[in-house]
Amino acid sequence: MNINATLLGQAISFTLFVLFCMKYVWPPLIAAIEERQKKIADGLASADKAAKDLKLAEAKATDQLKDAKAQAADIIDAANKRKSQIVDEAKDEANAERTKILAQAEAEVEAERNRLKEELRKQVAGLAIAGAEKIIERSIDEAANSDIVDKIVAEL
């Protein structure tokens, strides 16, 4: 009986130990394990969310880069158009200035031509008067007069 009593005592002790553990030891251990599982699950969920956010950010950055490239191309096109416009305006201004300078030169040439014509008229008049004086000094001979007229024409 001693063995049976010892075994019975051990079984009761073991049962009390198990009951004690189930009542006081297991609940905090289970709670700690569940809390750790929850933290791990939250960490994994956060990692998944971070990976998704990273993919979204990369896609957004790629889109923004494409937009920036498109804007840069638009700016370059606008700058090239403006450059062409400025060059065309400069050409137009240069042509207008050239036309103005040519008109001034033509006016100056015309004024000089008129001045020379007037001077030539004065000289022709002087020569005509000189010729008339020579004709009058000589006799009225047709051959002599034509000789004087030929000289006047040669001088012109």
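**View 1. The whole chain and its buried share.** A residue is called buried when its relative accessible area is under 20%. In this predicted model, buried residues account for 4% of the 156 residues in the protein. The fold is quick to describe: the protein has two helices and zero strands.

**View 2. The annotated span, residues 6-26.** Here we zoom in on a stretch that UniProt, in an unreviewed entry, lists as "transmembrane region". Residues 6-26 are 100% helix and 0% strand. From one end of this span to the other, the C-alpha atoms lie 27 Å apart.

**View 3. An aromatic pair, F20 and Y24.** The count of aromatic pairs comes to one. Its partners are F20 and Y24, with 5.2 Å from centre to centre and 45° between the planes. Why are F20 and Y24 separated by about one helical turn? The two residues are four apart in helix 1 (residues 2-137), so about one helical turn lies between them.

View 4. Take a closer look at each partner in turn. F20 has 48% relative accessibility and therefore counts as partly exposed. Y24 has a relative accessible area of 52%, so Y24 is exposed. The cut-off that matters for this step is 50%, since exposed means over that value.

Conventions: Residues are numbered from 1 along each chain as its sequence is written. This is a predicted model: local features need pLDDT of at least 70, side-chain atom pairs count only at pLDDT 80 or more; totals for chains, interfaces and linings use all residues. Side-chain values use heavy atoms; hydrogens and water are left out. UniProt positions are given in the numbering used here, feature names are shortened, and annotations may be inferred rather than shown by experiment. Rings of Phe, Tyr and Trp (its six-membered ring) pair if their centres lie within 6.5 Å; planes under 30 degrees apart count as stacked, over 60 as edge-to-face and the rest as tilted. Buried means under 20% relative accessible area, exposed over 50%, partly exposed in between (1.4 Å probe, protein chains only).
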